[in-house]
Structures are given as C-alpha cells and as structure tokens.
Amino acid sequence: MKYYDKLVFELSREGRTGYSLPANPYPAAPEVPSALRRGVPLRLPEVSEPDVVRHYTNLSQMNFGVDTGFYPLGSCTMKYNPKINEEMAGLAGFAGLHPLMHAGLTKGANKVYQEMNKALAAITGMYTFTFDPCAGAHGELTGLMIMRQYHMNRGDFKRAKVIVPDSAHGTNPASAAVCGLEVVEVKSLENGRIDVEALKPLLTDEVAGIMMTNPNTLGLFETEIKTIAQLVHGIGGLLYYDGANMNPLMGMVRPGDMGFDIMHLNLHKTFSTPHGGGGPGSGPVGVSQRLEDCIPDLRVSGFHGNFGVILRAYAYILSLGRQHLRKVGQYSVLSANYIKECLKDLYKLPIEGVCKHEFVFDGLINDGAHDDVPGATTLDVAKRLLDYGFHAPTIYFPLLFHQALMIEPTETESKETIDAFIDAMRKIAAEAARDPEILHGAPHNTPISRPDETTAARNPILKYQEN
Amino acid sequence: MAELPYLPHTESDIRAMLDRIGVQKLEDLYSDVPSEFLKKGAYALPDALSEQEIRDYFASLEAMNARLKVFVGAGAYDHYTPAVIPYLCSRSEFLTAYTPYQCEISQGTLRYIFEYQSMICELTGMDVSNASMYDGPTAAAEAMKMAIACTRKKTRVLLSKGLLPHVIKVVETYAKFHGVEIGYVPVMEGQTCINCLKAELAKDDVAGVIVPSVNRYGIIEDHSGFADAVHERKAVLIEYCDPSALAVVKTPGEWDADIAVGDGQSLGLPLCYGGPYVGFMAVKKEHMRKMPGRIVGQTVDKEGRRAFVLTLQAREQHIKREKATSNICSNESLMALWVTIYLSLMGPEGLREVNRLSSDGAHYLYGELLKTGQFEEVFPGKPFLKEFVLKPKQFPGRMQKRLEEAGFFAALDTEEGYVSFCVTEKRTKAEIDRLVQVIKEG
C-alpha cells in the first residue's frame with residue numbers, strides 16, 4: 001500500500017467540471033424567491049472525470065478488503081463476497097423500481113421477499129421475517145420493539161427490563177436503551193457461559209426478556225440454553241437471539257428450536273454480502289408464530305429495507321441450497337478449532353474445550369517484558385499482523401479478559417491461508433519474546449502508523465478547511 | 001446439484017485439520033450442543049443452483065417487474081447516476097473492506113468519509129457531520145432522540161405535517177418506544193404554520209421541532225422566524241432536507257437550525273425499491289458530542305503524516321454500551337462514498353444544473369397538465385422545484401392505470417386526495433409530452 005495524501009478538494013480548479021447533462025429544452029421556470037434562495041457559496045470540488053477516477057483509485061489502494069487478504073475478525077464474519085451476487089443486485093429491473101410502486105408493478109421483488117422469508121425461516125426455525133431493518137443493531141432495536149409490543153398487546157405494561165449477559169455485543173445494551181428498556185446485566189461463569197444461578201433471582205415479572213447470542217462472544221455454545229429458555233418463558237419473558245454469531249449454526253442448529261422467540265440476522269455477515277467499509281448491511285428480524293401480529297405496528301425504515309442487500313443474500317442462499325448449507329457451519333468451526341489448537345502453546349487460552357466459529361485468547365503467554373521494557377500487548381500483536389499482510393483480529397472485546405484477542409476465520413479461507421496466518425502469529429510471539437520493541441513500533445509497512453488519536457479527539461478537525 | 005465454488009476445503013485438508021484438533025469427524029466439533037438441538041433431516045430449501053442457473057432465475061424475477069419511466073418522488077428521486085460512480089464503488093478495496101477500526105490499512109475509507117462529512121457540511125451549512133445513518137427517516141428519528149438529549153426536562157417533539165408520510169411514521173415508531181411524546185404542527189396554505197408552532201411551543205414541554213425544507217407537496221418552505229421561536233423556548237430546530245435541492249434553496253445553516261437531516265438518495269443513488277440509501281445528519285458544533293454514529297477526524301501519525309481516524313468514540317455503543325448516544329454501528333458507508341463521488345463529479349455548477357433541468361421540466365409539466373383541464377391547482381403561486389401536487393377533477397384510478405400501460409409511473413395518490421408528480425433531469429421533454437397526451441386521451 002502506497003501513502004497518498006490528497007483530498008478531492010485539493011484537486012479543485014475553478015471552472016473544471018466532471019459531469020455532462022442534456023441540453024435544457026424547457027422554458028425557464030420562475031426563479032426561487034430570493035428569501036428562500038441559497039445565499040452562501042457552494043464550495044464543492046471542481047474536478048474533471050479523470051481527476052475523480054484517479055483520486056478514488058488512489059484512495060482505494062490504501063484500503064484492505066476481503067479480496068485483498070484474510071480477516072480473522074471475531075464477531076464480524078468477514079467471509080468471501082461472491083461476485084455473481086453483485087451483478088444480480090445491479091440488474092436494471094430491480095435497480096429502477098420506485099419504492100412506492102404498488103405490488104402489481106413489483107411482482108419480481110415481491111417474490112424475492114417471499115422466497116427469502118421462506119428460506120430464512122427454514123434456516124433459523126423462526127416463523128416469519130421482516131426485512132425493514134438496515135443493519136444488525138437496527139434489527140436488535142426492531143426485535144426489542146416487537147418484544148415490548150408483544151407484552152403491551154397482552155395488556156402487560158410493567159415489563160421494562162431486559163437481561164443482557166456481560167459478554168454481549170455493545171449494540172445489545174445500546175439497542176435496549178434506545179427501545180426504552182432498562183438493562184440488567186447477568187454475569188458469566190469461569191467457563192464463559194451464563195451463570196444460571198445468577199440469572200434466577202433476576203427473573204421477575206418486570207422482565208421483558210433476555211438477549212443472547214449462542215454461541216456467545218467467546219465462541220462457546222451456551223450449553224444450558226434449554227434451562228435458560230424454560231426459566232425465561234416461565235416468568236412470561238421472551239428470548240432474543242443476536243444473529244451476529246449465526247455462522248457456525250448454519251445447517252446444524254436452529255435458534256427457533258432452542259426456544260428463541262425473536263432474532264435478527266446480519267446478511268452482511270452470515271449471508272456473504274459485502275461489508276462496504278461499514279455498510280450497507282441488512283438485519284432482517286424473525287419471530288415465532290405467536291409474535292407475528294406484533295410486526296405490522298412498526299415502521300423502522302423508510303420503505304422496504306435494504307433491498308439491494310437482500311437480493312445479494314438471496315443469490316447466496318440459492319448457491320448454497322440445502323446441499324451446501326451445513327458445510328458453512330461445519331467448516332467455519334473446523335477452521336476456528338484448528339487455529340486455536342495450533343496457537344494455544346503461545347497465546348493464553350482462558351477456556352479450554354471445543355469452540356464454535358470463533359475463540360478468544362487473553363494475550364501472549366510470554367509478552368517479553370524485561371527490566372524496564374514493557375511487554376507486548378494485544379494491540380501490539382494486532383498492529384504487527386498488519387505488517388504480515390493480515391487484517392487484525394477483534395481486540396479488547398469481549399470485556400471479560402484484559403488482553404482479549406478474538407479470532408474468527410470463516411469457511412471461505414483455505415488451509416494454506418490459515419497456516420500462513422498461524423505461522424505469522426507464531427513469528428510474532430517469537431518476536432515478542434525476543435524484543436517487544438519490534439511490536440511496540442508496529443506496523444512498519446503500512447501507509448501510516450499509529451496516528452495520534454488523543455489530539456484527534458481533543459482538537460477535532462472534522463471537515464476540510466482551506467489553508 | 002451444483003458445486004459451491006466458495007469453499008476451498010479438500011478432503012485431505014479436512015482430515016489433516018481434524019487430526020490436529022484431535023477429533024474423528026466434523027460432527028464431533030458440535031459435541032457441546034445438546035443432541036436434541038442438532039437439526040435432523042433436510043432443510044426445507046431448494047437445490048443448490050450453479051452460477052448460470054442463478055443468473056437465469058434472477059432474469060426471470062427481473063422480468064416480472066414493471067419497467068416504467070418514473071414521474072414520482074415522495075422521498076425517492078430518479079436522478080441520473082454517472083457511470084464513474086458504480087465503477088469506483090465496486091472496487092473491492094472499498095466494497096469488501098470492514099469498518100475502518102484498523103486505521104493503518106483503512107485510510108481509503110477514512111479519507112472518503114472525511115470528504116463526505118465536509119461535503120454534507122457544505123451543502124447544509126452546518127458545522128459537523130457524522131459518517132452516515134441508515135436513511136432519511138431514521139436520521140430524523142435519531143435527531144428526535146438527540147433533541148431530547150440536548151434539552152432538559154422536555155418530553156415532546158413536534159413534527160410538521162408537511163414532512164413526508166414515511167418520515168413521520170418512522171419517527172413515531174421510534175418515539176413510541178423511546179418514551180417521547182409527539183405533537184404535530186399543521187400545514188396552512190402549503191407551508192408549516194408558524195403561529196400553530198408558537199402555540200405548541202408555549203406549552204414549554206417541547207425539546208425539538210422537525211420541519212421540512214421542501215415539504216411533501218414539493219413546496220419550498222419559508223422558515224423565517226422559526227429558529228427564533230424555537231430557541232426562545234430552549235428547544236432545537238431540526239430541518240429535514242433534500243440534499244440535492246440545497247444547492248439552490250436556503251440551507252439549514254442559514255435558517256439557524258441546530259440539526260440538519262435527510263436522505264442522500266437524491267444525490268445519484270439508484271431507486272432500488274427503497275434501499276440501500278444513506279441518511280445524513282449534520283449539527284451545530286455545540287451539539288457535536290451528543291451526535292449519534294461514527295465520525296472521522298484528521299490528525300497526524302507518528303511520522304507527522306496527515307492521517308484520518310475514527311474519533312469522539314466515547315459517544316458510541318462499543319465503548320459506552322447502554323449509555324451511548326445511539327445503538328447505530330454499521331451505517332451506509334459505501335453509499336456515503338457513492339454520494340461523495342457524485343458531488344465531486346457534479347461540483348457546484350453541475351448540481352445547480354440538475355436542479356435547473358428538473359425544475360424547468362417540472363414547471364413545464366405543471367403547465368401542460370393544467371392545460372388538459374383535468375386538474376385544479378392546490379397551492380397556486382407557491383414556489384416548488386422538481387415536485388408538485390395537483391387535485392384531479394375525477395377519481396384518478398383510471399388515469400393511473402392508463403399511465404402505467406403507457407409506461408409511466410406517475411400521479412401518485414396522496415393522503416389528501418391530490419396526485420403528486422416529479423420530474424428529474426432523467427426525464428425528457430418527449431416523455432413529458434407523451435405523458436400529457438395519454439392523460440388528454442383519458
């Protein structure tokens with residue numbers, strides 16, 4: 001990657017243009033009255049088309065993507081994004097549909113939604129889905145709205161609490177707060193699972209439900225799920241499933257069968273649609289049959305959700321079919337366990353045993369600390385991995401371990417790629433043991449290195465300013 | 001059954017990995033799952049399709065949709081997309097990248113978000129923009145929450161009835177669960193009524209007011225005196241805008257608004273049946289730390305090179321959990337890139353020209369439709385750009401059907417019994433003349 005230091009504003013020259021529009025055949029409309037007219041200059045860049053193409057191409061070359069290399073990124077399932085899906089989503093007969101066209105004009109789109117609904121219901125064991133949410137956290141919020149609506153429809157207005165495990169994704173408690181729910185945290189046991197004994201006293205008639213992901217964020221299956229479901233249902237509460245960790249269950253286990261009443265899926269994780277540098281995503285929400293009536297009361301996005309993303313995910317599901325679905329779950333789990341076994345002699349594995357699609361190390365066993373040289377941290381390991389051509393794992397999450405390093409390989413990486421990653425992780429551990437300073441200074445081979453984030457937050461520069 | 005080309009595992013790879021783990025077979029990796037939860041039997045899914053079969057199947061789905069010339073806006077506008085945009089946005093370094101948490105290998109994403117923020121500030125006349133929201137309506141809902149967070153002991157947010165219906169519905173849904181009371185400000189003679197607004201504000205429980213810059217009837221609203229009235233009661237003024245129109249109409253900054261929100265879709269995003277679009281939000285500097293979503297800031301790296309990072313993250317869910325300003329995580333980053341490239345290509349003059357072509361076309365259509373004698377004016381003399389409503393003299397169902405048969409999506413019904421039309425630069429004069437002819441032949 002080559003450092004490139006321009007902003008598009010700096011390429012601007014007065015009078016240059018990058019557009020071509022048809023000649024105006026109409027008589028001139030009345031001017032916008034001066035009191036309503038823009039009175040301040042519009043300082044957008046004035047650049048030619050070749051300027052624009054070269055600028056953004058240069059910018060792109062400072063980026064890492066799934067097509068560039070391996071993302072061992074826990075909690076975010078960065079699998080390969082199939083190219084045929086892009087082409088299908090771009091078809092003019094889909095891209096040209098206005099969202100307010102009536103159903104008689106959009107029969108193909110309606111069929112996509114219907115068939116997606118059936119397919120996701122089959123994969124998850126839920127009854128029906130709404131496709132309006134535009135991302136995972138948006139799905140969580142929608143799911144919690146459904147949870148509250150369910151209780152309100154029964155005339156039960158006192159359920160204003162939701163239980164969230166201490167290992168949960170940050171979006172879980174944040175979504176609960178946006179939905180007007182009070183968060184009650186339940187602790188995890190030494191073995192990384194929810195403490196059922198600690199859960200019991202929290203279960204009162206003020207509890208709307210519990211949010212879980214299974215496997216949890218440590219990549220461990222919640223083995224007591226049956227008991228938890230019985231307990232929560234026993235007090236009239238509902239179980240919410242955070243679908244961020246659905247990948248290992250593909251073709252093997254269905255949230256609906258485990259007793260979950262509501263769930264979301266991240267189509268931009270489990271169903272292969274590209275992450276786009278942080279969206280667009282899609283977070284469809286599935287419910288069990290008794291909650292079906294709670295969906296129509298809600299309007300959480302402008303029209304029909306991110307249709308373009310749904311099209312891509314549907315093409316992916318058609319390529320999996322019933323024959324290949326199980327391989328997704330199984331191979332993702334195989335790769336994760338393989339990496340864990342190959343590295344646990346050098347990195348601290350806080351909880352032994354088989355993992356699902358991801359697992360968490362708690363830093364290096366030997367961080368190389370000596371005399372007054374501090375040891376190599378998880379941040380150092382992550383930054384050094386960039387030098388070796390890999391994206392970093394998710395770090396310092398979950399919050400249960402101080403040096404958390406969360407690795408998820410996905411099913412689309414080959415054994416050679418995984419072995420090369422293991423080799424890099426072993427070299428880094430050896431470097432740390434020998435001289436942690438190599439890691440403190442990393443990355444060394446990237447366009448920039450360790451920017452000053454403190455100053456960025458203290459004296460924020462958040463838009464372009466002409467010198 | 002078709003093969004799946006996305007899985008590189010060979011039999012011998014699988015064997016070697018299982019051996020290293022110390023288990024016999026793949027199923028053993030699920031030994032921690034209670035057996036009653038392991039799915040037995042086949043999934044109710046179709047057979048796996050090959051790439052060619054997927055292509056054929058999607059072609060058949062696509063063919064079931066109507067292909068119409070779009071003369072409707074109402075929150076989704078059929079503006080032209082220059083070829084450069086999809087070309088650049090499909091570069092895998094942008095498309096397949098993760099959220100830019102690892103700034104050293106994400107400077108491409110971070111730089112375009114910084115440019116996007118700069119352009120949104122420029123269009124709106126505001127100080128600070130975030131990195132994007134899901135869409136316009138959810139951005140308005142977030143602004144509603146922010147108004148509550150920015151004010152003290154205020155529980156109500158007012159919505160102008162001139163806002164687009166889908167914006168009102170989404171804000172209402174969020175408000176219901178967030179515990180915010182919603183009040184409404186009526187529209188009088190095509191314009192949010194300032195005296196009604198003042199009467200509501202006098203109750204002293206209002207945290208914020210959301211008003212449309214260009215309203216659901218396409219009329220450019222006059223917000224003289226709005227900010228003073230709102231600020232006098234220590235509430236915040238939120239402007240909901242069409243960003244394309246901001247090239248020519250008074251900006252939220254000029255109206256002294258506190259928050260500007262809207263949908264970036266009108267900046268060259270395909271209609272795509274409603275998404276992905278991109279919501280935007282920009283605020284005055286004093287509200288910066290209450291803003292939801294990601295923000296990119298400029299700094300230097302350890303060698304002194306200009307660098308860009310995600311900043312002010314102490315507002316966000318991954319740090320603050322339930323105390324965060326919002327739950328938003330993934331947003332619409334790639335669509336923000338789309339908008340950034342669009343605005344780079346169009347520049348100030350291109351964007352003004354898009355408005356001129358659209359507005360001239362819309363006014364031409366307006367005049368031609370009146371000449372047919374089948375419509376009455378609803379808001380005579382009120383200024384509009386690309387969109388307007390008329391009152392049909394007869395029940396419009398038959399006309400709409402004939403328009404569809406002739407290849408047009410036009411004359412959308414509104415709640416008030418009007419029909420709405422929109423013209424963008426993509427529509428030609430010949431199309432307009434043909435549309436009017438179809439109506440004449442009634």
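Start with the interface: 161 residues of chain B are in contact with 168 residues of chain A, where contact means that the C-beta atoms of two residues, placed from the backbone, lie within 7 Å. This is a predicted model, in which local features need pLDDT of at least 70 and side-chain atom pairs count only at pLDDT 80 or more, while totals for chains, interfaces and linings use all residues. Residues are numbered from 1 along each chain as its sequence is written, and chains are lettered from A and ligands numbered from 1 in the order in which they are written.

On the chain B side that touches chain A, α11(B) gives the largest share, 22 residues. Helices here are DSSP runs of H or I with at least four residues, strands are runs of E with at least two, and both are numbered from the N terminus. By class, that side of chain B splits into 84 nonpolar, 42 polar and 35 charged residues. Ala, Val, Leu, Ile, Met, Phe, Trp, Tyr, Cys and Pro count as nonpolar, Asp, Glu, Lys and Arg as charged, and the others, Gly among them, as polar.

Now look at one helix pair across the two chains. Helix α9 of chain A (residues 307-343) packs against helix α2 of chain B (residues 51-64) at an angle of about 135°, with the axes 10 Å apart. The axes are lines fitted to C-alpha atoms over the stretch in contact, and angles run from 0 to 180 degrees between N-to-C directions. From chain A, α9 brings A:A315, A:L318 and A:S319, and they meet B:I54, B:Y57 and B:F58 of α2(B). Five of these residues are nonpolar, one is polar and none is charged.

Next, the backbone. Most residues other than glycine have a negative phi, and most peptide bonds are trans. In chain A, the bond joining A:F397 and A:P398 is cis, with omega about -5°, and A:P398 sits in the loop between β9 (394-395) and β10 (404-407). Chain B has a cis bond from B:G275 to B:P276, with omega near 5°; B:P276 is in the loop between β9 (259-263) and β10 (279-283) of chain B.

The loop between β9 and β10 of chain B also holds B:C272, a non-glycine residue with a positive phi of about 45°. B:C272 is buried, with 26 other C-beta atoms within 10 Å; buried takes 20 or more, exposed 12 or fewer, and partly exposed is in between, with C-beta atoms placed from the backbone. B:R321, not a glycine either, has a positive phi near 45°. You'll find B:R321 in the loop between α10 (317-320) and α11 (333-371) of chain B, and with 22 C-beta neighbours inside 10 Å, B:R321 is buried.
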